[in-house]
Amino acid sequence: MTKDIHADVQTSVVTLTLTREHAGNMFDLPMIHEMTRQINAAADHAHCVVIRGAGANFCRGRDPSTAGPHATPMALRDNLLSPIMGLYDAIRFSRIPVIAAVQGDVLGLGCAIAGVCDMTIADESARFQLPEMEYNLPPTLAISAILDRVGKKATAWMAYSLDKLDAHRAREMGLVNSVVPVGQLDAEVQRVLTTLTSRDLMSVMAVKEYLNYAPESGPAVRSMASNLLALALSTQAARKA
């Protein structure tokens, strides 16, 4: 457990709020582990997960001051980098959709989390950046999270140009779904949640499962589409019987 993530667990929605405002909601290692745990646990009972950041910024990345020493590159990979990849996987492969609601700085790890989420809602204050190359560090972990979301050309631009993208540009690139004026983020999140949570959970989960496989080609994936829909239709028919 960590005091820097507040979990609001409701019947259909689990909201995970980063509360490390004094540090721009930058992640330390305990926060990475806790966020992963909460997302994995939410799939047992909720329709969806919402990730938010308290205060002016969603998340300014990973806090390097909390990483500590690592004796070897392998130790660094196992103790710090693998947990980050595990967080990305928890979001990507959760059985339920994960939604990011963002404002202010959305940098580095924060940008990757916003990108890998199934849906991302931003207000017009949001600024997205992969700043790692400022320190001559290749942002390969973040790239692994967003590449299939925004494509190679857009990802290369973010990594090499070091531009801070405003919310509208991020939407054009596929990093964001919806942009709202400052002050309307809560209302837009609630609108989406009202629609999503009113749907049958099996159908919600089927969409998430299929989206994870849809980029792959071939008859097996096309067959999966009909199988998932048939299962949902049969379940609804059984309930009405």
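Why does K164 count as partly exposed? Select K164: its relative accessibility is 42%, and partly exposed covers the range between buried (under 20% relative accessible area) and exposed (over 50%), using a 1.4 Å probe and protein chains only.

Before moving on, note that this is a predicted model, where local features need pLDDT of at least 70, side-chain atom pairs count only at pLDDT 80 or more, and totals for chains, interfaces and linings use all residues. Residues are numbered from 1 along each chain as its sequence is written, and side-chain values use heavy atoms, with hydrogens and water left out.

Stop 1: Helices (H or I, at least four residues) and strands (E, at least two) are DSSP runs, numbered from the N terminus. D105 counts as buried, at 14% relative accessibility.

**Stop 2: helix 7.** Pick E188 and R191, whose closest N and O atoms are 3.0 Å apart in another salt bridge. They are three residues apart in helix 7 (residues 185–197), so about one helical turn separates them. E188 is buried, at 12%. Now bring in R60: salt bridges that share partners join R60, D105 and K164 into one network.

**Stop 3: D123.** Go to strand 6 (residues 119–123), where D123 lies. D123 is buried but has no salt bridge; the nearest side chain of opposite charge, R127, is 7.1 Å away (Lys and Arg count as positive, Asp and Glu as negative; His and the chain ends are not counted). Show S125 too: a 2.5 Å polar contact joins its side chain to that of D123 (N or O atoms within 3.5 Å, one able to donate a hydrogen and the other to accept it; residues adjacent in sequence count only if both atoms are side-chain atoms).

**Stop 4: P139.** Finish in the loop between strand 7 (127–129) and helix 4, where you'll find P139. P139 is buried, at 6% relative accessibility. Its C-alpha is 7.9 Å from that of G108, 31 residues away in sequence.

How values were computed
A salt bridge is a side-chain nitrogen of Lys or Arg within 4 Å of a carboxyl oxygen of Asp or Glu.
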